[in-house]
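Open your viewer and get ready to click along. We will go stop by stop, selecting a few residues each time.

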Amino acid sequence: MCGLIGFTRQSAGGVPDAAVIANSMTSLITHRGPDSEGIWLEQDQPLVLGHRRLAILDLSPAGDQPMHSNCGRYVIAFNGEIYNHLELRSQVEEEHSGTPWRGHSDTETLLACFAAWGIERTLQATAGMFAIALWDKKEQVLTLARDRMGEKPLYWGWCDDVLLFGSELKALKAHPAFSSEIDRNALALLLRHCYIPAPYSIYKGIEKLMPGYFVRVPLRGDLMRSKNAQPEAYWQLNHAVEKGLANPFTGSPEAAVDLVESRLSDSIGEQMLSDVPLGAFLSGGVDSSTTVALMQAQSKQPVRTFTIGFDQGGYNEAAHAEAVAKHLGTHHTELYVRPEDAQAVIPKLPSMYCEPFSDSSQIPTFLVSQMAKQHVTVALSGDGGDELFGGYNRYLAAKKVWGPVQRLPLFARQATAGLLRGVSPATWDKLFDWARPVLPRGMQLSIPGEKARKLADVLALSDGHAFYRQLTSHWTDPAKVVIGASEPKTQLTTSSAWPETDCLEHAMMAMDAKTYMADDILTKVDRAAMATSLETRVPMLDHRVVELAWRMPLDLKIRDGQGKWLLRQVLYKHVPKELIERPKMGFGIPLDSWLRGPLREWAEALLDASRLRSEGFFHPEAIRTMWLEHLSGKQNWQYHLWSVLMFQAWLEVN
């Protein structure tokens with residue numbers, strides 16, 4: 001895991017100035033690579049590359065970057081891991097006997113593949129996570145590429161006549177040509193989603209390269225030709241979804257379980273390759289427990305596992321994680337976090353997340369990463385299981401709620417919505433807490449008041465796409481809150497971006513993987529872990545696991561009102577069912593009560609009406625109304641307010 005930067009130069013001169021600029025840019029991402037630093041620039045070349053290295057494979061200087069190919073044609077700056085690089089290295093050796101090797105890093109393997117096979121074949125052959133900047137000195141073409149599922153970030157864009165790119169926005173901002181104009185349309189997207197979806201960023205002119213895409217930028221000749229370069233896909237999740245559904249697995253459920261276990265075990269085995277200490281996050285839930293169980297099955301030593309706990313009920317999974325760890329025999333470390341410890345992270349968030357980001361589970365994610373880094377340099381994560389195997393409650397709602405809703409006449413829907421809205425979310429929460437002992441498992445919901453509000457919002461919607469968008473929205477009309485904003489099109493609002501599927505549940509799962517997972521979950525984990533110089537790996541997002549998951553019929557994912565049936569069956573081979581079966585619990589913090597208590601003064605200052613007016617980004621009236629309703633307990637607006645607060649806190653230091 002590393003960080004990269006780069007920029008173009010307008011003339012062949014100015015090498016000293018370019019070196020100073022490059023060093024200032026890489027210094028801002030030292031946390032991504034504290035082990036070594038490298039800058040590449042040559043007098044006659046229009047491009048500068050910079051790199052910060054977190055040494056994972058081949059700890060010697062032979063793995064340092066930017067790295068040159070043996071033929072001298074290519075220079076690479078690479079962030080990530082290629083898990084099948086030993087296999088790729090063998091293939092290159094077979095096709096090109098006598099290939100010289102300086103070390104055993106995956107970066108060197110990548111370079112050899114690019115030199116032997118070209119860009120697209122190499123990208124399609126890789127299994128890994130990455131952001132790549134590859135310079136072709138012969139053709140004077142820069143290629144930027146991002147991994148299939150979006151595990152590693154890559155920003156790029158033109159500021160006047162200078163191309164800037166890098167792992168984090170803070171590095172791009174250090175270049176003198178950078179323009180810091182905030183994109184109000186992107187701000188509206190933040191309020192809707194709690195993140196800014198790719199390809200947008202908070203700054204005008206700077207984009208996120210989409211997962212599974214690469215872009216070739218020619219830097220010789222006409223500048224407009226360079227600026228008009230457009231990204232191309234080398235892999236698309238939609239194709240994987242449609243191909244999998246067209247070629248479904250037809251064996252027995254037992255055979256499906258065995259196949260998923262085998263493919264996951266292979267992915268985990270490859271991702272356990274490391275020259276530094278390695279462990280895993282363990283929450284005690286299905287996904288992380290499955291990952292750890294399959295790790296331990298392949299390890300001769302106890303796997304290092306890590307979890308954090310909270311004393312506040314409803315937010316603590318540490319006891320469940322401890323029970324799973326004890327059964328599997330891992331070397332387990334847990335940390336119980338006090339509210340003041342978690343709250344102390346909040347001032348760090350604007351610099352940790354170089355654009356506004358408001359998934360509040362960013363706080364416990366940072367804390368568990370910080371703890372893990374004290375013992376290991378690499379940690380495997382269970383992320384991806386919900387999106388691939390049907391774990392989120394909204395997939396159940398698609399069948400239980402949307403199906404019946406469509407059959408109701410409009411007036412009945414509106415009347416029901418009025419009844420739901422007539423009871424405050426806080427009252428719904430109390431009612432469900434009181435009735436929990438007698439409720440069936442499927443109705444033991446977390447934050448039922450928030451879900452009742454969302455149900456009321458979806459009752460009058462027209463189709464399944466609108467239903468899903470409503471479920472995944474916070475501010476439902478953010479352009480009315482952000483001054484001068486017009487909410488732009490995204491993958492969710494572009495019908496051609498949706499894959500062809502056999503049911504709404506599968507469509508929702510695919511769009512979650514393309515949007516929520518890539519732009520929220522993976523962004524959260526990357527920035528939080530990298531802030532502590534910890535590499536994270538996500539075995540379930542190996543594209544071969546993803547492609548297999550999409551061959552599995554829905555009834556092997558969601559069964560008897562419960563999601564992730566396949567994963568559960570894999571896990572139950574290793575861990576007793578009674579250690580796992582309990583209502584789904586998010587990885588969160590009691591943000592609603594903190595905003596009314598210890599965070600109230602901080603939030604009040606950021607949400608002050610006169611401040612909002614003077615800064616000129618928000619119409620303050622709706623925000624102030626929400627804030628007062630939240631303080632009174634009349635409504636729980638924690639997610640809506642957190643998006644505004646995270647932008648305000650970010651704006652304060654940017």
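Which residues does M371 touch, not counting residues up to four places away in sequence? Select M371 and look around: it touches F306, T307, I308, T333, E334 and L335, where contact means heavy atoms within 4.5 Å.

Before going on, a word on what you are viewing. This is a predicted model, in which local features need pLDDT of at least 70 and side-chain atom pairs count only at pLDDT 80 or more, while totals for chains, interfaces and linings use all residues. Residues are numbered from 1 along each chain as its sequence is written, and side-chain values use heavy atoms, with hydrogens and water left out.

**Stop 1: around M371**

M371 sits in helix α14 (residues 362–373). Helices (H or I, at least four residues) and strands (E, at least two) are DSSP runs, numbered from the N terminus. M371 counts as buried because its relative accessibility is 5%; buried means under 20% relative accessible area, exposed over 50%, and partly exposed in between (1.4 Å probe, protein chains only).

**Stop 2**

Select residues 286–296, helix α10. Of its 11 residues, 11 are buried, so α10 is largely enclosed by the rest of the structure. Among those buried residues are V286, T290, L294 and Q296.

Keep L294 in view and select E261, which touches L294 as well as V570, K573 and H574, not counting residues up to four places away in sequence. E261 belongs to helix α9 (residues 253–271) and counts as buried at 15% relative accessibility. Show the side chains of E261 and K573: a polar contact of 2.8 Å joins them. A polar contact is a pair of N or O atoms within 3.5 Å; within protein, one must be able to donate a hydrogen and the other to accept it, and residues adjacent in sequence count only if both atoms are side-chain atoms.

**Stop 3: two loops**

Go to T472, in the loop between α20 (464–471) and α21. Is T472 buried or exposed? Its relative accessible area is 14%, so T472 is buried. The T472 side chain reaches the backbone oxygen of Y468 at 3.0 Å. Leaving aside neighbours within four places in sequence, T472 is in contact with R192, H193, R394, L492 and D512.

Next select Y203, in the loop between α6 (184–193) and β10 (206–208). Y203 has a relative accessible area of 2%, so it is buried too. Beyond four places in sequence, the residues that Y203 touches include L169, F178, W650 and N654.

**Stop 4: the nonpolar cores**

In soluble globular proteins, nonpolar side chains tend to be buried together. A nonpolar core is a set of buried Ala, Val, Leu, Ile, Met, Phe, Trp, Tyr and Cys residues joined through side-chain atoms within 4.5 Å. Here the largest core has 107 residues, and I76, L123, I132, F467 and L566 have the most contacts inside it. Helix α21 gives the most to this core, with 11 residues. Apart from it lies another core, of 80 residues, including Y155, C354, A528 and L651.

**Stop 5**

On a 1 Å grid over the protein atoms alone, a cavity is a set of points where a 1.4 Å probe fits but cannot get out, and a pocket is an open set with protein on both sides within 12 Å along at least five of seven lines; lining residues have an atom within 4 Å of a point. Grid points are joined across faces, edges and corners, and a volume is the space filled by probe spheres set on the points.

How many cavities of 30 Å³ or more does a search of the whole structure find? The search finds 8. The largest cavity holds about 110 Å³ of space. To find it, select C2, R53, G80, D106 and T107, the closest to its centre of the 14 residues that line it. Strand β5 (74–82) and helix α3 (106–117) each supply at least two residues of this lining.

Finish at the second largest pocket, with a volume of about 420 Å³. Select M210, P211, Y213, Q491 and K514, which are the closest to its centre among 24 lining residues. The largest share of that lining, 4 residues, comes from α21.
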